Amino acid sequence: MFEGHPKGLWALALANTGERFGYYTMLAVFLFFLQDNFGFQMGTASTIQAAFLGVVYFVPLFGGMLADKFGFGKMVTIGILVMFLGYLLLSLPLGAGAIALGVMSMALLFICVGTGLFKGNLQVLVGNLYDDPKYSAKRDEGFSIFYMAINLGSMFAAAVALSIMAWVQDAYSISKADAYHFAFAVACVSLIISIAIYYVFRGTFAHADRAKTVVKGTTEVVEEQLTPAQTKERVICLCLVFAVVIFFWMAFHQNGITMNQFAREYTATSETGFMSLFLSKSLSFTELRSFWNLFMCVVIVYAVLNIFQAKALAGKLVAFLVAAGAVGLLAYRAMNMTGAVEVEAPIFQQFNPCFVVALTPIVGLIFGAMAKRGKEPSSPMKIGLGMLVAGVAFVILMVASWSLPAADAQKAAVEADTATLVSPNWLISTYFVLTIAELLLSPIGISFVSKVAPPKYKGMMMGGWFVATAIGNFLIMVPGLMWGMSLTIIWGVLIAVCLVSAIFIFSILKRLEAVAK
């Protein structure tokens, strides 16, 4: 899966890794920052976060339009600089007054504009690398690797955010409300690393800074020719896919809203046994226990895969020793853990990126084996399957919530110390299944856009993908506003949304497959 890709893929993936690490470090605690610093209730806080997520994914449409005219690389650079200013403002501890609220609003605006110029256009550069016939067959794999690298950055974001906050509170005796700003400051550092990677390795992807395609069998670079009817059909098909994407992200990004609140109000606040290795609160900035334990799991997955894939016996032996060492280390830590560990709600958000990194090569191997037998599903088929799997994820939460009371009754029970709290394993299982859905839909969908988009509209069409994401992110507030209702109703709405979306994508499957040929 990792062989035969253009060198520029790795540089672009790592540049995006740094940016996403900062973004998700901020997002991991942003909902609670709004509640703890400004005193906003769940409905207000979720609406603010939904509006931010909506705008941050809507602006790439305009970023793409600008890139189609002025160049993708130029917009990426400007985007990083604007984002940096936004995170810098957000990291200022200004209290909870009108000035603090105004500065936070300005910071969020800068982050939205910067992301709009950066994110979609970076992905267009990745897609352009695969216009070369030498790499075109590996486009889906390339975007899956790109997506995995992004999640490698976000994998430890929640743990780092919590560790930074705990460290500054212990070391400098500052309030929890002020400690959030130190977590936000991490994004500034990560963006510096991101821009450094982008410029040091720019030579590996500079040729992709165009809206061109390579003609098969030649070295001549020309504009792909489409008739007006072909262009129209491609745009219509992409818009139909975008309609499905809206509802996927509405469901998926409940991880920062209702699923986060479920972790805070309905999930056990302590855990024992093996799973406590991945939920343990870091004692200091230098001791990220859950960080390293999760990393060991990822190492085990890749080492085991390498045992079977390595061509040389020496490679297989090294992979076996690495896997055995990682298993031994986790076993040692598990045997030496005593008592229960504290579970904090944001820590659950580290599981999704961890599962992305661990499952990407496994999913790649499965589809690779299917491709060799001529049975690999088409990209639109994978998108439809992703919606079905997302529905299954919320079925798990519905089962976990079946006998639980609504939010107000639960809050009263918590205060009276009579509340029923569910095992953290319910949320972890939900994140696992939801990650499989994400791998079937998100990187494959982006790959589909990069392949089908008319060349002169590549930036705009990639921006359209993010507009759909933006609308979905704005709609995440709907379950948030329903939070006082029965949990089974909330999860049931999300299940229905996923099911209807899957039925729709399957109903237009042949049309989508035709434009992708």
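1. Basis. This is a predicted model, in which local features need pLDDT of at least 70, side-chain atom pairs count only at pLDDT 80 or more, and totals for chains, interfaces and linings use all residues. Residues are numbered from 1 along each chain as its sequence is written, and side-chain values use heavy atoms, with hydrogens and water left out.

2. Salt bridges overall. Side chains of opposite charge can pair when their charged atoms come close. The term here means a side-chain nitrogen of Lys or Arg within 4 Å of a carboxyl oxygen of Asp or Glu. The whole structure has six salt bridges.

3. Asp36 and Arg264. These side chains form a salt bridge, N to O 3.8 Å. The pair links distant parts of the chain: Asp36 lies in helix 1 (residues 8–38) and Arg264 in helix 10 (residues 258–265), 228 residues apart. Helices are DSSP runs of H or I with at least four residues, numbered from the N terminus. Asp36 is partly exposed at a relative accessible area of 33%. Arg264 is partly exposed too, at 34%. The cut-offs are under 20% relative accessible area for buried, over 50% for exposed, and partly exposed in between (1.4 Å probe, protein chains only). Asp36 and Arg264 also belong to a salt-bridge network with Lys176. Arg264 has a ring contact as well: its charged end sits over the ring of Phe32, 4.0 Å from the ring centre. To count, NZ of Lys or CZ of Arg must be within 6 Å of the ring centre and within 35 degrees of the ring normal.

4. Lys382 and Asp140. Here the salt bridge has an N to O distance of 3.8 Å. Lys382 is in helix 14 (residues 379–401) and Asp140 in helix 6 (residues 139–154), so the pair links distant parts of the chain, 242 residues apart. Both Lys382 and Asp140 are buried. The charged end of Lys382 also sits over a ring, that of Phe367, 4.2 Å from its centre.

5. Arg511 and Glu233. The closest N and O atoms of this salt bridge are 2.9 Å apart. Arg511 comes from helix 20 (residues 509–515) and Glu233 from helix 9 (residues 228–252); these are distant parts of the chain, 278 residues apart. Arg511 is partly exposed at 36% relative accessibility. Glu233 is partly exposed at 25%.

6. Aromatic pairs. A pair of aromatic rings is described by the distance of the centres and the angle of the planes. Rings of Phe, Tyr and Trp (its six-membered ring) pair if their centres lie within 6.5 Å; planes under 30 degrees apart are stacked, over 60 edge-to-face, and the rest tilted. The structure holds 23 such pairs. One is Phe30 with Phe52: the centres are 6.1 Å apart and the planes at 50°, so the pair is tilted. Phe30 is in helix 1 and Phe52 in helix 2 (residues 42–58), 22 residues apart. Phe30 is buried at 0% relative accessibility, and Phe52 is buried at 3%.

7. Aromatic cluster and Phe40. Phe30 and Phe52 belong to one aromatic cluster, whose members also include Phe40, Tyr180 and Phe184. Phe40 lies in the loop between helix 1 and helix 2. Phe40 is partly exposed, at 22% relative accessibility.

8. Helix 16. Residues 424–452 make up this helix of 29 residues. Its first and last C-alpha atoms are 41 Å apart, close to the expected 42 Å. The expected span is 1.5 Å times one less than the number of residues. Helix 16 bends by about 35° at Glu438. The bend is the angle between axes fitted to the seven residues ending there and the seven starting there. Helix 16 is mostly covered, with 23 of its 29 residues buried.

9. Thr360. This residue is in helix 13 (residues 351–372). Thr360 is buried, at a relative accessible area of 3%. Its side chain reaches the backbone oxygen of Val356 at 2.6 Å.

10. Ile246. Helix 9 holds this residue. Ile246 is buried at 15% relative accessibility. Ile246 and Thr469 are 223 residues apart in sequence, but their C-alpha atoms are 5.5 Å apart in space.

Notes:
Helices (H or I, at least four residues) and strands (E, at least two) are DSSP runs, numbered from the N terminus. A polar contact is a pair of N or O atoms within 3.5 Å; within protein, one must be able to donate a hydrogen and the other to accept it, and residues adjacent in sequence count only if both atoms are side-chain atoms.
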